[in-house]
Amino acid sequence: MKFLKSVKDEMKQVTWSSKKQLRKDTLVVLETSIIFGLMFFVMDTAIQSLFAWILK
């Protein structure tokens, strides 16, 4: 029971983000994921093309 009481006490100290901040942070994560995904796609395609050209 001590554990549950301490969890409850800790949860009272948590500060939750506002909906506006949560939306902003989510968009940053999505944008970053898309940018890195595109970057890796371009790099992978370039490396594949380079190896295909070398092996011909």
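Me: What makes helix 1 lie largely in the open?

Reply: Of its 12 residues, the number buried is 0, so helix 1 lies largely in the open. Buried would call for under 20% relative accessible area. Do keep in mind that this is a predicted model.

Me: How do you know that the span of helix 1 agrees with its number of residues?

Reply: Helix 1 covers residues 2-13, and at 1.5 Å a residue its 12 residues should span 16 Å. The end C-alpha atoms are 17 Å apart, which agrees.

Me: Why is the contact between D9 and K5 called a salt bridge?

Reply: The closest N and O atoms of D9 and K5 are 3.3 Å apart. The cut-off is within 4 Å, between a side-chain nitrogen of Lys or Arg and a carboxyl oxygen of Asp or Glu, so the pair qualifies. In general, side chains of opposite charge can pair when their charged atoms come close. A search of the whole structure finds 1 salt bridge.

Me: Where do D9 and K5 lie?

Reply: Both are in helix 1, 4 residues apart, which is about one turn of the helix.

Me: Let's turn to the aromatic rings. Why is the pair of F36 and F40 called tilted?

Reply: A search of the whole structure finds 1 aromatic pair. The ring centres of F36 and F40 are 6.2 Å apart, and pairing asks for centres within 6.5 Å. Their planes meet at 40°; under 30 degrees would be stacked and over 60 edge-to-face, so the pair is tilted.

Me: How many residues separate F36 and F40 in helix 2?

Reply: They are 4 residues apart, about one turn of the helix. Helix 2 itself runs over residues 19-55.

Me: What makes F36 and F40 partly exposed?

Reply: F36 has a relative accessible area of 42% and F40 has 49%. Exposed would need over 50% and buried under 20%, so F36 is partly exposed, and so is F40.

Me: Which residues form the nonpolar patch on the surface?

Reply: The patch is made of F36, M39, F40, M43, I47, L50, F51, W53, I54 and L55. Together they have about 1,100 Å² of accessible area.

Me: What about V29 and S49: why is V29 called exposed, and why is S49 called partly exposed?

Reply: V29 lies in helix 2 and reaches 53% relative accessibility. The cut-off is over 50%, so V29 counts as exposed. S49 also has its place in helix 2, but with 44% S49 is partly exposed.

Notes: Residues numbered from 1 in each chain as written. Predicted model: local features only at pLDDT ≥ 70, side-chain atom pairs only at ≥ 80, totals over all residues. Heavy atoms only, no water. Patch = residues over 30% accessible without salt bridge, like charges linked within 9 Å, V, L, I, M, F, W, Y side chains within 5 Å. Areas by Shrake-Rupley, 256 points an atom, 1.4 Å probe, with all protein chains shown as cover. Helix = DSSP H or I, 4+ residues; strand = E, 2+ residues; numbered from the N terminus. Phe/Tyr/Trp six-rings, centres within 6.5 Å; stacked < 30°, edge-to-face > 60°. Buried < 20%, exposed > 50% of the residue type's maximum accessible area, 1.4 Å probe, protein only. Expected span 1.5 Å × (residues − 1).
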